[in-house]
Amino acid sequence: MSKSALVILAPGAEEMEFVISADVLRRAGISVTVAGLKGADDVKCSRDIVIKPDATFESVAQKQFDVVVMPGGLGGSNAMAESSAFGEFLKKQEASGKLIAAICAAPIALAAHGVCVGKSLTSYPSVKDKLADKYKYVDDKKVVQDGQLITSRGPGTAFDFALEVSKALVGEQKANEVAKAMLLQ
């Protein structure tokens, strides 16, 4: 049975983090659903690139996924932090023991909803002060995994992040095959 990923697309999301995550996971054979947090309309990202989601978040919120991926970008991260429906989804994901993956500023949504509190994580440096009191903050790693939580720093670490999520879902061998095919190894 194929593993599944829900990648959240919110207005102001960081394009590179979104596209690289969705692309790498699909290359690894993971079934990826792109859900528009605020509906099915095209989403304008942080650098004015417009992306169309596969589905609305509302239409998939009752489903279970092996991982939920949260791209950063301050606008997108704030939108996820402000959505009570998304907060409830994250709490269910955590309670089920399934993976939660957040990059760049997206961990602020975890903090806003009280998800994975006490775990080790990293983020874009400018949001560290919003996380350091609830989490064990790690400054010196590109990607941090603590149990079911995988976090990363920003656009330049998006490939490392997506490959780590892939490895957690489909194994190191498949993640290495994907990395090699993309000339990352």
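**Figure 1. Phe 57 and Phe 86 are both buried, where buried means under 20% relative accessible area, exposed over 50% and partly exposed in between (1.4 Å probe, protein chains only).** The model shown here and in the other views is a predicted one, in which local features need pLDDT of at least 70 and side-chain atom pairs count only at pLDDT 80 or more, while totals for chains, interfaces and linings use all residues. Residues are numbered from 1 along each chain as its sequence is written, and side-chain values use heavy atoms, with hydrogens and water left out. Rings of Phe, Tyr and Trp (its six-membered ring) form an aromatic pair if their centres lie within 6.5 Å; planes under 30 degrees apart count as stacked, over 60 as edge-to-face and the rest as tilted. By this rule there are 3 aromatic pairs. One of them is the edge-to-face pair of Phe 57 and Phe 86, with 5.6 Å centre to centre and 70° between the planes. This pair links distant parts of the chain, since Phe 57 belongs to helix α2 (residues 57-60) and Phe 86 to helix α4 (residues 84-95), 29 residues apart. Helices (H or I, at least four residues) and strands (E, at least two) are DSSP runs, numbered from the N terminus.

**Figure 2. Ring pairs join Phe 57, Phe 86 and Phe 89 into a cluster.** Phe 86 and Phe 89 form a stacked aromatic pair, 6.3 Å centre to centre with 20° between the planes. Both residues lie in helix α4, 3 residues apart, which is about one turn of the helix. An α-helix has 3.6 residues a turn, so residues three or four places apart point the same way. Phe 86 counts as buried because its relative accessibility is 0%; Phe 89 is also buried, with a relative accessible area of 4%.

**Figure 3. Seven strands form an open sheet with mixed pairing, in the order β5-β2-β1-β6-β7-β11-β10.** The edge strands are β5 (55-56) and β10, each of which pairs on one side only. Two strands pair if DSSP finds at least two bridges between them. β10 and β11 pair in the antiparallel sense over 4 bridges, and Val 143 stands opposite Ser 152 in β11.

**Figure 4. Helix α6 (residues 158-170) lies across strands of the sheet, namely β6, β7, β10 and β11.** The helix runs at about 175° to β7; axes are lines fitted to C-alpha atoms, for helices over the stretch in contact, and angles run from 0 to 180 degrees between N-to-C directions. The 13 residues of α6 reach 18 Å from the first C-alpha to the last, close to the 18 Å expected at 1.5 Å a residue, the expected span being 1.5 Å times one less than the number of residues. Among the buried residues of α6 are Phe 161, Leu 163 and Ser 166. Gly 171 follows the helix and has a positive phi, near 100°.

**Figure 5. Ile 30 occupies the loop between α1 and β2.** Ile 30 is buried, because its relative accessible area is 4%. Leaving aside neighbours within four places in sequence, the residues in contact with Ile 30 (heavy atoms within 4.5 Å) include Leu 25, Ser 166, Leu 169 and Val 170. Ile 30 and Lys 91 are 61 residues apart in sequence and 22 Å apart in space, C-alpha to C-alpha.
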